Amino acid sequence: MKSIWFTLGLLYFISGCVYTYKEIKFIKWQKDLLLISYARLMYCFTFGFIPASLCFMYSTLDIEVKLKTLVVVDYSYDGLVALFFFWIFSAIGYIMLNIGYKNIYVLKYGNTKLLSKNNHKITEMQSFTIAAICLIIGGISLYLWTLNEGNVFNFIIKANWYRGDSTNAMNNPYAMLRVPSRILELATFLFFFYLINNNTKHKLLYFIGYFWGVALSILYLLCIDGRLEIALFLGMQVIGLVLYRHKKVNITKRKIYEVSTIAFFALFLISQLDNITYYIRYGAENRIDTNPSESFYIILMNEFAYIYETGQMAIQTNIFDSGKWMLIDDIVRGFFSCFPSKFTPDGFERVWRWNTYLCTGSRLSATIPCDIISESIYDLSVFGPFVIPFLFGTMVRQVEVYFSDVKSRPFYRACYIFLALAFFRIINYCELYDFMRGMFSFCVMWIVYLFVVRLSLKNRMKG
């Protein structure tokens with residue numbers, strides 16, 4: 001059976017090579033990293049090179065990938081068959097993602113076009129005002145959210161406990177303020193892209209804002225104990241320095257190599273963040289969960305193990321068996337995601353919680369996320385990989401069109417990068433509930449943006 005595992009690894013590897021080759025050609029043609037490129041580059045690894053490595057490691061070295069005792073990939077014959085179908089559905093998902101992105105649909109509400117091109121100009125001081133207000137909102141939210149432990153530093157020590165506390169068993173009265181706290185990241189990006197812009201007049205103001213934005217954002221990221229989020233937050237700023245210091249973006253071969261190097265270090269950072277955050281919390285090395293014999297590569301592979309266990313479980317439940325279609329649950333929980341839990345109707349389950357129950361047999365353990373293909377299968381069974389990636393590709397294209405003429409301006413570039421992170425994340429962490437909570441801070445910022453711009457316009461008219 002090892003030879004079949006090796007063959008499956010080749011199929012995944014070939015897919016990863018094809019996806020990567022097409023994306024590099026697309027980036028060279030566009031001379032920029034578009035929103036779809038962030039998503040498709042993640043797709044190359046998630047549904048190409050990483051599962052290929054998983055299969056090769058098992059077939060040649062007899063190494064099994066698992067993350068502690070919670071996430072364990074199934075290496076039985078049934079698990080092999082499920083991973084083969086996972087490869088088929090991932091290829092279908094990639095095709096439908098591209099079809100959805102290529103077609104431009106005009107969204108209308110009555111006679112009003114939604115997400116038509118944005119041509120609005122925003123001044124430097126308006127942008128600073130918006131960023132400062134967002135920083136204050138985020139700072140207050142972070143303070144109140146962590147008040148349950150006395151202060152933010154005490155909260156950080158228990159961050160991994162709060163992360164797995166899906167039912168608020170720790171009785172935090174301000175638990176819902178975790179969602180708006182994420183606006184700190186967006187405020188930091190707003191300060192950052194003006195700070196690196198050569199034409200910014202008030203650099204000192206933006207430097208002060210950026211300093212506080214980074215400090216508070218790091219505290220927030222330590223509080224949510226999010227390894228991927230920390231790596232992306234830092235990595236995107238380095239990419240910003242490489243690609244977006246000038247108004248005209250021109251991605252050359254050299255810059256592609258530089259971005260690839262940044263991506264490699266981001267992966268290395270992800271593999272070490274458990275140890276780093278443990279040291280920050282306790283001031284000592286993590287000797288409990290650390291295996292000195294494990295290489296960086298093995299640690300990294302274990303971090304992605306949840307994707308393939310989830311894929312196997314989704315296929316076994318909703319393809320091989322007649323499992324429950326979760327689309328309605330996904331929509332309802334997504335709609336109520338930013339409200340206090342008491343407003344959420346009973347009888348609707350989060351897809352990630354359902355997946356965790358199927359994988360572990362318990363509803364008390366930490367949540368096991370779903371990737372875009374597994375989520376699609378849970379939502380609509382065999383039809384999911386045709387529908388969900390298509391809708392995702394369409395959504396990305398609509399947002400791309402909206403920002404196409406303004407993303408060279410620092411304010412809109414910051415918004416663009418924040419959305420790029422969301423679309424990058426959705427490949428491996430796909431759930432409407434999670435996505436809507438991630439977009440809440442962006443919506444708050446956009447309301448502040450509309451308020452500041454209209455207030456400035458009124459003052460001008462009075463003047």
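Predicted model: local features only at pLDDT ≥ 70, side-chain atom pairs only at ≥ 80, totals over all residues.
Biologist: How many salt bridges does a search of the whole structure find?
Modeller: Side chains of opposite charge can pair when their charged atoms come close. A salt bridge here is a side-chain nitrogen of Lys or Arg within 4 Å of a carboxyl oxygen of Asp or Glu. The search of the whole structure gives 11.

Biologist: How many residues apart are Arg413 and Asp32?
Modeller: Arg413 and Asp32 form a salt bridge, their closest N and O atoms 3.9 Å apart. Arg413 sits in helix α18 and Asp32 in the loop between α1 (2–30) and α2; helices are DSSP runs (H or I, at least four residues), numbered from the N terminus. The pair thus links distant parts of the chain, and the separation is 381 residues.

Biologist: Is Arg413 buried or exposed?
Modeller: Buried means under 20% relative accessible area, exposed over 50%, and partly exposed in between (1.4 Å probe, protein chains only). The relative accessible area of Arg413 is 5%, so Arg413 is buried.

Biologist: Which helices hold Glu229 and Arg425?
Modeller: The side chains of Glu229 and Arg425 meet in a salt bridge of 2.5 Å, N to O. This pair ties together parts 196 residues apart in sequence, because Glu229 lies in α10 (residues 227–243) and Arg425 in α18. Both residues are buried. The helices are α10 and α18.

Biologist: Are α2 and α18 roughly parallel or roughly antiparallel?
Modeller: The axes of α2 (residues 35–61) and α18 (residues 410–426) come within 8 Å and cross at roughly 30°. Angles under 35 degrees count as roughly parallel, over 145 as roughly antiparallel, 65 to 115 as roughly perpendicular and the rest as oblique. α2 and α18 are therefore roughly parallel.

Biologist: Where is Trp325?
Modeller: Trp325 is one of the residues of a nonpolar patch on the surface, alongside Val382, Phe383, Phe386, Val387 and Leu391. Trp325 counts as partly exposed, at 44% relative accessibility. Its place is the loop between α13 (305–320) and α14 (327–335).

Conventions. Residues numbered from 1 in each chain as written. Heavy atoms only, no water. Patch = residues over 30% accessible without salt bridge, like charges linked within 9 Å, V, L, I, M, F, W, Y side chains within 5 Å. Areas by Shrake-Rupley, 256 points an atom, 1.4 Å probe, with all protein chains shown as cover. Helix = DSSP H or I, 4+ residues; strand = E, 2+ residues; numbered from the N terminus. Axes fitted to C-alpha atoms, helices over the stretch in contact; angles between N-to-C directions.
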